[in-house]
Amino acid sequence: QLPLAGSRLCLYEDGTELTESYFRALPPHTELVLLGPGESWRGCASDIERLLAAFCSQQGAVVEAARRLLTDERAPHRQKLLADLIHNLSENILAEDKEDDKKWFEGMFSRFKNKSSYLRHSCESRMRGYMREVSGFISNVHPAARDAYRGIIGLMADKLKSVKYNGCYFDRREEEEAARLCTAEGWFSCQGPFDRDDCPCKHSINPYSNRESRILFSTWNLDHIIEKKRAVVPELAEAVKTRDGREVNWEYFYQLLFTLDNLKLVHIACHKKTNHNLSCDKTRIYRKRKQTHEIS
């Protein structure tokens, strides 16, 4: 049904246009594409482009087509691709409450009534864990400095409580803070290893989408760029020990331990356990005392 004038025959694989002699030299069962006037074909990658475009405009149709293909598919690799496609597109991202996505909450404590409350609780648990590590380091602090160290721990704990343990980082309803890590829809992107500006593998995840993604997200790490155990906490202990009348800038250490100033969200495969070889800023360890002037 195509007009002869302007029609072309191309290889499906890479879009190479065929001449008559090239056509006769092709092996049997070579996949071809017949193009009408004005049409183009850049190879099988064009199929991927059209599939990606269909995700937004015809998501339901793509899922149904993939399910039909899966029923007859026998090749393990193709089965895996189709199953993953169905899984990733059959999401309920916008649902927030338990009544609207009960499967997402399977295996969780009944006290969680919405997705944001669970993700917020998970972040709070991480921050509490960091606080326990800081508190547990007191046995390594010089005995004469332990009371001062306890005082700083108390100040940090009070500040953490006042901001609800920074749970807003993973609550999509707290847009201003959450936007520093994810989009409004709840997509989180890996920020890459400590020595890179971006993730080379482009890891991303939406823990709000389905139960499996929620579980997998728990394996992602908040990586301290200036390392907590190797640098920040030992430097804090040393600062308290050698303060010699100076005031320790505990808020600087708080920022390094508990805020996005020094935390990056990374996929577990991008979390490097090797020494970062980074240290605290020596100029910020102590506060500058305010000078007072007597009025004569």
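This is a predicted model: local features need pLDDT of at least 70, side-chain atom pairs count only at pLDDT 80 or more; totals for chains, interfaces and linings use all residues.

Student: How do you know how the protein chain compares with a compact globule of 296 residues?

Tutor: Look at the radius of gyration, which is taken over C-alpha atoms. A compact globule of 296 residues would come out near 19 Å, but the protein chain has 28 Å. Along its principal axes, the C-alpha trace spans about 100 × 45 × 45 Å.

Student: What about helices and strands, how many does the protein chain have?

Tutor: There are 10 helices and six strands.

Student: Now Pro 28: what makes it count as buried or exposed?

Tutor: The cut-off for exposed is over 50% relative accessible area. Pro 28 has 67% relative accessibility, so Pro 28 counts as exposed. You'll find Pro 28 in the loop between α1 (20–25) and β2 (32–35).

Student: And what share of the protein chain is buried?

Tutor: Buried means under 20% relative accessible area, and buried residues make up 39% of the 296 residues.

Student: Which span does UniProt list for "domain: CIDE-N"?

Tutor: The UniProt record, an unreviewed entry, lists residues 1–43. That span is 14% helix and 19% strand, with its end C-alpha atoms 23 Å apart.

Student: Let's do pockets. Why is a space called a pocket rather than a cavity?

Tutor: A pocket is an open set of points, whereas in a cavity the probe fits but cannot get out. The second largest pocket here holds about 390 Å³ of space.

Student: Which residues lie nearest the centre of the second largest pocket?

Tutor: Of its 17 lining residues, those are Asp 223, His 224, Lys 228, His 271 and Lys 273. The elements giving two or more residues to this lining are α5 (115–136), β5 (221–224) and α9 (228–241). β5 gives the most, with four residues.

Student: How does that lining divide into nonpolar, polar and charged residues?

Tutor: Three residues are nonpolar, five are polar and nine are charged. Asp and Lys count as charged, so Asp 223, Lys 228 and Lys 273 go in that group. His is among the others, so His 224 and His 271 count as polar.

Technical notes. Residues are numbered from 1 along each chain as its sequence is written. Side-chain values use heavy atoms; hydrogens and water are left out. On a 1 Å grid over the protein atoms alone, a cavity is a set of points where a 1.4 Å probe fits but cannot get out, and a pocket is an open set with protein on both sides within 12 Å along at least five of seven lines; lining residues have an atom within 4 Å of a point. Grid points are joined across faces, edges and corners, and a volume is the space filled by probe spheres set on the points. UniProt positions are given in the numbering used here, feature names are shortened, and annotations may be inferred rather than shown by experiment. The radius of gyration is taken over C-alpha atoms; the globule rule is 2.2 Å times the number of residues to the power 0.38. Buried means under 20% relative accessible area, exposed over 50%, partly exposed in between (1.4 Å probe, protein chains only).
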